[in-house]
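Let us read this model together, one feature at a time, with the general idea coming before the particular case.

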Amino acid sequence: MRWISASTTFVSALPKLHQQALAALAALLLVAAFLPSNENSVSSTPLSLDHLIDTEAPIFDAPELSLRQLRAPWAFDKVPDSETLLVPAPSIGPNSYSYIVRSGDTLGKIFERLHLPQKTMYQLLETDVNVLALDNLMPGHTLVFEKQNQALQRLELQFSLDHKVVYQRKGDGFEFSEVRIEGDWKENLIRGDILYSFTGSAKKAGLSQAEASAITQVLKQRVDFRRDIQRGDKFEVLVSRQFVDGEATGNSKVQAIRIRNRHNISAFLFEDNYYDEKGRNLEKAFQRYPFNGKYRLSSHFNPRRRHPVTGLIRPHNGTDFAMRIGSPVVTTGDGVVTRVVRHKYAGLYIEIKHGQSYKTRYLHLKKSYVIKGQRVKRGQKIALSGNSGRSTGPHLHFELHKNGRPVNAMKAKIPIAVSLTGKKKSAFQRQLKSYLAKIDKPSNSQLALNQSDKAKQSTL
Ligand SMILES: [Zn+2]
């Protein structure tokens, strides 16, 4: 764990003299902070999610100890310059500055560039352990720093127009909160013809890359997109897209898909899962527990948990199981490994994406048997449990996320049954009827065509 030694070096390498110099500098620079900015070239609007690229860089890269870091504790105390890319954010507060995450950035690097104390970063990471939002920084995300009395008072991480997380200083740490805006969801029916590849044709018809990949993902069990789809086949897709204050957030849900090829293939979204027209689940089922056998549940899911000592809200977004170090951990569903990361507090952890709606996380591991990008099957052994990171004893912390939000993995309605039956099936059939009415509604051009046909017939 490279960063531990680096941070120890940092503290011990900081002589008293420097600390005094630092204080003097800070006072001088405070005056400079209120000079007008000459760097406004950076827009504070986050990029659409479609354009984001995973930096792949671990956030916990040890920032190298540099002279610059010793020079000034706060980049805010200078006129923002091209190096820091800090822009005043008066709409958030008088002492707020925004920073847009760039390619290659890590939290460590950002804190170093902004001359922010490492201690503050660790306090934030401690708060973030059950959320891991700061562990998912991507280019285009915006960080808003608010200072007060030479200390970071508040940090806001804006993922998109509709979603941000806030770390607010309270006592000796930070308290976490999450803000989501529901916005307006607007339905769009998109029709198209296959001209070449499905994805290419879908994009030409007006679907985004993300929507096109969501469709191929949903149908991958049923369609070989290279062999079964031919020029001249047609498709209809009903999508619902999110807007906040009239601006598209980049979030969308594919609600219904129909591809009219030799076979006619369709998929319909119902309670966060996709089904075919007969109500058969198109996504693989999940298992409830991330292990075989029985282990004691040692701590429940509780997003409003308070720390017993500090009284700060420390969400517990997972379920803990007391497990001896080295116990096999299995994935609860088919999916793709998206992260295998070492975190100061979460320890070694794995994140797996299961289709469009679900994600699972496994924390405090001893050893991982999978790597990023690997496909896994439900029940596959992915790791050995451990006690890594900040952990009160050997255990597995298991999280289930549904549509980007942590849910109680022990209670959530997960796709377990393969087909819908009973009341569920009737509800699905009603939903299906409404989808089909929308999909089958003739387009304006078709209406015109039909009318001219009728006109022709009547003249005969
Ligand atoms: Zn836990």
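Q: Is T360 buried or exposed?

A: Before the answer, a word on the basis: this is a predicted model, in which local features need pLDDT of at least 70 and side-chain atom pairs count only at pLDDT 80 or more, whereas totals for chains, interfaces and linings use all residues. Residues are numbered from 1 along each chain as its sequence is written, and side-chain values use heavy atoms, with hydrogens and water left out. Buried means under 20% relative accessible area, exposed over 50%, and partly exposed in between, with a 1.4 Å probe and protein chains only. T360, at 0% relative accessibility, therefore counts as buried.

Q: Which side chain makes a polar contact with the side chain of T360?

A: A polar contact is a pair of N or O atoms within 3.5 Å; within protein, one must be able to donate a hydrogen and the other to accept it, and residues adjacent in sequence count only if both atoms are side-chain atoms. For the side chain of T360, the partner is the side chain of H354, at 2.7 Å. T360 itself sits in strand β17 (residues 358–368), where helices (H or I, at least four residues) and strands (E, at least two) are DSSP runs numbered from the N terminus.

Q: Which atoms coordinate the zinc ion?

A: Donors are N, O and S atoms within 2.8 Å of the metal (3.2 Å for Na, K and Ca), and water is not among the atoms, so sites may look incomplete. Here the zinc ion is coordinated by H316 (NE2), D320 (OD), D320 (OD) and H397 (ND1), at 2.0 to 2.7 Å. H316 lies in the loop between β12 (296–299) and β13 (319–322) and H397 in strand β20 (residues 395–402), so this pair ties together parts that are 81 residues apart in sequence. H316 counts as buried at 2% relative accessibility, and H397 is likewise buried, with a relative accessible area of 2%.

Q: Why is the arrangement around the zinc ion irregular?

A: Four donors count as tetrahedral if all angles lie between 85 and 135 degrees; four count as square planar and six as octahedral if opposite donors are over 155 degrees apart and all others between 65 and 115; anything else is irregular. The 4 donor atoms around the zinc ion subtend angles of 54 to 153 degrees, which makes the arrangement irregular.

Q: How many helices and strands does the chain have?

A: The secondary structure of the chain comes to 9 helices and 21 strands, and buried residues make up 49% of its 460 residues.
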